Amino acid sequence: MIFKRCVLILALLFSCQTVSHVSAQEPTQAPVTAPGEHRKTSEPYAGDLSIFDSPGRDERLQINRVMDILGITPGKTVADIGAGSGWFTVRAARRVGEGGTVYAVDINPEAIRYVDARARREKLRSVKTILGRADDPLLPAGAVDAVLLLKTYHEVAEPVALLRNLRAALRSGAKVGIIDRNGNGEDHGVGRDVVLHEATQAGYRLLEQYDFVKGDRMDYFLVLIPEQ
């Protein structure tokens, strides 16, 4: 009887040691990072801003058609996020006229100074510049009818946060346009599927998509609206 009890005790001790050993060998699960929050991005352009005003760019990007799709008409309020040289800003400003407003948003102080000087030189009183943040365009609440991120989304360090913070600035019926090229995030492009995934995370849905910009089928044009 005593012998049987000893055997039973030894068996239980061995079993406990085995379970303890197996538990110690199980890998600790790494914290899950939300998809899209910290993906690779391209280094923001910091060179000569006049490079964006290359001849024929209007025709290559079919920018008037883009503005038609986004509903940019006289009196509207537009946000150009990642304004750079103000290439799109000035075209949108001519569309909306003096009764409208175009917010030129950039995180580069030099770009803001450049656009300010350009707007004064071209007598575009509807242009207002905003020095934004990587995660927030700092636009006024409920003010914007249309937004365009033109070849700049791949540089946004916090894309989901930026899109979430943008929502507060949008009026009812506002459209958000993103024009970019397919890429891996680091090569001045980002896949359209990645953009759509991040937009969904931020509370948007796809309204329309086009591939007419530039005609090489590498570029795409997405039109988003916030989910209700």
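Here is a short exchange about a predicted model of one protein chain.

Colleague: What should I know about the numbering and the model?
Modeller: Residues count from 1 along each chain as its sequence is written, and side-chain values use heavy atoms, leaving out hydrogens and water. The model is predicted: local features need pLDDT of at least 70, side-chain atom pairs count only at pLDDT 80 or more, and totals for chains, interfaces and linings use all residues.

Colleague: How many helices and strands does the protein chain have?
Modeller: Helices (H or I, at least four residues) and strands (E, at least two) are DSSP runs, numbered from the N terminus. From that end, the elements run α-α-α-β-α-β-α-β-β-α-β-α-β-β. The count is seven helices and seven strands.

Colleague: What percentage of the 228 residues counts as buried?
Modeller: Buried means under 20% relative accessible area; exposed is over 50%, and partly exposed is in between (1.4 Å probe, protein chains only). For the protein chain, the buried share is 43%.

Colleague: Is isoleucine 81 buried or exposed?
Modeller: Isoleucine 81 sits in strand β1. Its contacts (heavy atoms within 4.5 Å) include Val105, Leu139, Val147 and Leu166, with residues up to four places away in sequence not counted. Its relative accessible area is 6%, so isoleucine 81 is buried.

Colleague: Which residues touch the most other members of the largest nonpolar core?
Modeller: A nonpolar core is a set of buried Ala, Val, Leu, Ile, Met, Phe, Trp, Tyr and Cys residues joined through side-chain atoms within 4.5 Å. The largest has 30 residues. Among the elements giving two or more residues to this core are β1 (77–81), β4 (144–150) and α6. The residues that touch the most other members are Ile81, Leu139, Val147, Leu166 and Tyr204.

Colleague: Which residues does leucine 166 contact?
Modeller: Leave aside its neighbours within four places in sequence. Leucine 166 then contacts Ile81, Pro137, Leu139, Val147, Val176 and Tyr204.

Colleague: At what angle do the axes of α6 and α7 cross?
Modeller: Axes are lines fitted to C-alpha atoms, for helices over the stretch in contact, and angles run from 0 to 180 degrees between N-to-C directions. The axes of α6 (residues 159–166) and α7 (residues 192–202) come within 8 Å. They cross at roughly 50 degrees.

Colleague: Which residues of α6 and α7 make the contact?
Modeller: On α7, they are Glu198, Ala199, Gln201 and Ala202. On α6, they are Pro159, Val160, Leu163 and Arg164.
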